[in-house]
Amino acid sequence: MLNGEKKIARPLRWGMVGGGRTGQVGYKHRTGALRDGTYQLLAGAFDLDADRGRDFGTNLGVAEDRCYATYQDFIAGETAREDGVEVVSIATPNFTHFEITMACLKAGLHVICEKPLFFSVAECDAVAKLAADKGLILGVTYGFTGHPLVHQMAAMVKKGMLGDIRIVDMQYTHGFNSGDDVGAGEAVKWRTNPETAGPTFVLGDIGTHLYYLSEVVLPHMKIEKLLCDRKAFIATRAPLEDHATVLTHYDNGARGRLWASSVNAGNMGSQRYRFVGSKASLEWSDAHPDQLIYEVQGEPNRTLHHGMPYLEDESLAADRMGALHTEGLGDSWANIYLWIAQAIDARMRGDEAFLQTHHYPGIEAGTEGVRWLENCVRSADAGAAWVEYN
Ligand code: NAI
């Protein structure tokens, strides 16, 4: 169980690009990073609007001269200081991720970047090479995979408690884009334009969360082929999709069904996962992250609760609040940030043995997310055809 005791020798000197006052995801980063004293927020280029960014940064307690107008000024200013930041989080629209990540890595900074990481696997490979050459860590904020019960599912699958996995059924939907985009805010505008969002809308925006979580729970299963059908119900969003379904064949013979949509009008269910094996099934939703439904064929159904001693060690190790008390998204993000901090700390100490076994969403996870998107687009653009996964 986690209780805030320090896990690394000293806090990492941390800065942010994006995630300003009007940004949707910025506070989730700060909620995660500032929880355990593993990061100290010292600088930022928080906003495209420099004055608003400075005002916001100083309200967060950042010194005025370390609230920069642009990410270029941020890098120049911080690398010129002996006490400059060591790690930077990038919480900006998708099209800026590659450029800002490359610039930060070149300047010798560890990076924590939002998903979808970049537009193409080729960009991911270029970043992976640069990070490796520089000896730097890149973390990806798949913020939902810090939930203790996600790791309970992974541990139960690993122990064979479900038997052979046969069906993977996943859904991340909401209805916030059911209407048209007339008068829509910035966050909708950049998400629905291929130049700023990349090759997908909902597949990259929410579908990648499903895919990464399934990789955490089912690391032994690889995709052999998939079929993706995507559609823009609001025509102005084409060629990007506001709705997609993906059928998957896995290398162990399992079948998958995934639904990502932002036009599921009225739906507030968010994410739902069902992993079906030959003996039993698991079902989990981030709407009730404290509960895991465990159904064994021929037995009464069970609801497992987070923090209970009957859970696997992997789950209890990620627990913060203890059983009976609500554990939620902020706790999940805190775990992701902690695991990335431990990776950066290990790299700084030259502790490669720790890194060999330490689990956190890194460059490989980000790359696999982009690879999955590329395959989905290839299938969809071929008329929802089955494509071999590559
Ligand atoms: P947003 O449009 O709400 O906010 C973007 C923020 O970045 C704003 O503060 C804006 O002023 C700032 N910004 C934009 N360009 C900048 C630049 N060049 N330099 C400095 N600041 C800049 O976007 P939102 O929804 O917060 O998404 C940001 C990223 O986070 C996207 O990649 C998105 O996919 C991802 N995201 C991830 C989530 C998760 O659960 N991991 C949840 C929501 C978004």
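Q152 lies in helix α6, where helices are DSSP runs of H or I with at least four residues and strands are runs of E with at least two, numbered from the N terminus. The model is predicted, so that local features need pLDDT of at least 70 and side-chain atom pairs count only at pLDDT 80 or more, while totals for chains, interfaces and linings use all residues. Residues are numbered from 1 along each chain as its sequence is written, and side-chain values use heavy atoms, with hydrogens and water left out.

At 2% relative accessibility, Q152 counts as buried, a word that stands for under 20% relative accessible area, with exposed meaning over 50% and partly exposed in between (1.4 Å probe, protein chains only). Not counting residues up to four places away in sequence, Q152 touches L292, L304, L311, E312 and S315, contact being heavy atoms within 4.5 Å. L149 is placed in helix α6, which covers residues 148-158, and L149 is buried with a relative accessible area of 0%. Leaving aside neighbours within four places in sequence, the contacts of L149 include W284, P289, D290, L292, L304 and H306. Between L149 and D286 there are 137 residues of separation in sequence, and 9.9 Å in space from C-alpha to C-alpha.

The sheet is the next element to follow. It is open and has 5 strands in the order β2-β1-β3-β4-β5, with parallel pairing; two strands pair if DSSP finds at least two bridges between them. The edge strands, β2 (39-45) and β5 (138-140), each pair on one side only. Strand β1 (residues 12-18) pairs with β2 in the parallel sense over 6 bridges, and V17 stands opposite A45 in β2. Helix α4 (residues 97-106) packs on the sheet, touching β1, β3 (87-91), β4 (110-113) and β5, and its direction makes about 160 degrees with that of β4, where axes are lines fitted to C-alpha atoms, for helices over the stretch in contact, and angles run from 0 to 180 degrees between N-to-C directions.

The ligand remains. A side-chain N or O atom of D47 is 3.0 Å from an oxygen atom of the ligand, and a backbone N or O atom of K115 lies 2.9 Å from a ligand oxygen atom. A backbone N or O atom of T141 lies 2.9 Å from a nitrogen atom of the ligand. Helix α7 gives the most to the shell around the ligand, with 3 residues.

Terms used: A polar contact is a pair of N or O atoms within 3.5 Å; within protein, one must be able to donate a hydrogen and the other to accept it, and residues adjacent in sequence count only if both atoms are side-chain atoms.
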